[in-house]
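Please read the following briefing alongside the sequence and the 3D structure. Its points are grouped by topic.

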Amino acid sequence: DKYKSMGSFHRYYNLEIAPPVLTIFIGGNHEASNYMQELFYGGWVAPNMYYLGHSGVVNFGGLRIGGLSGIYKQHSFSKPFY
């Protein structure tokens, strides 16, 4: 039941609220995939909020941050991404 209600991501995306500090994130299993498809290679989602894309690396304050979006599922591991 917890995945049947909308979370707060749309409020950040629509600029209603902003994170108080820089937030760098990757996609997962229950994110707003329709929004994430618009930024497949990553980019700014909102002020102070950066999406790494399907996979990506950024340098911030002398630190290299990398991420891979998605989940591992043995059934579909060898299938192409689309």
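**Salt bridge**

Arg11 and Glu16 form a salt bridge, with 3.4 Å between the closest N and O atoms; the term requires a side-chain nitrogen of Lys or Arg within 4 Å of a carboxyl oxygen of Asp or Glu. The structure holds one salt bridge. This is a predicted model, in which local features need pLDDT of at least 70 and side-chain atom pairs count only at pLDDT 80 or more, while totals for chains, interfaces and linings use all residues. Residues are numbered from 1 along each chain as its sequence is written, and side-chain values use heavy atoms, with hydrogens and water left out.

**Overall make-up**

- The protein has two helices and five strands, in the order α-β-α-β-β-β-β from the N terminus; these are DSSP runs, numbered from the N terminus, with helices being H or I of at least four residues and strands E of at least two.
- Of its 82 residues, 20% count as buried (buried is under 20% relative accessible area, exposed over 50%, partly exposed in between; 1.4 Å probe, protein chains only).
- Arg11 is partly exposed, at a relative accessible area of 36%.
- Among contacts with a separation of 6 or more, 49% are between residues 24 or more positions apart; a contact means heavy atoms within 4.5 Å.

**Nonpolar core**

- Phe25, Met36, Val45, Ala46, Met49 and Tyr51 make up the largest nonpolar core, a core being a set of buried Ala, Val, Leu, Ile, Met, Phe, Trp, Tyr and Cys residues joined through side-chain atoms within 4.5 Å.
- Strands β2 (43–46) and β3 (49–51) each give two or more residues to this core.
- Not counting residues up to four places away in sequence, Ala46 touches Tyr12 and Leu15.

**Aromatic pairs**

- The whole structure contains five aromatic pairs (ring centres of Phe, Tyr or Trp, the last by its six-membered ring, within 6.5 Å; planes under 30 degrees apart are stacked, over 60 edge-to-face, the rest tilted).
- Phe25 and Tyr51 form a tilted pair, at 5.3 Å centre to centre and 35° between the planes.
- Phe25 lies in strand β1 (residues 23–25) and Tyr51 in strand β3, 26 residues apart.

**Ser69**

- Ser69 sits in the segment after β5 (63–68) and counts as buried at 16% relative accessibility.
- The Ser69 side chain reaches the backbone nitrogen of Gly27 at 2.8 Å.
- Beyond four places in sequence, Ser69 is in contact with Ile26, Gly27, Tyr51, Gly53 and His54.

Key: A polar contact is a pair of N or O atoms within 3.5 Å; within protein, one must be able to donate a hydrogen and the other to accept it, and residues adjacent in sequence count only if both atoms are side-chain atoms.
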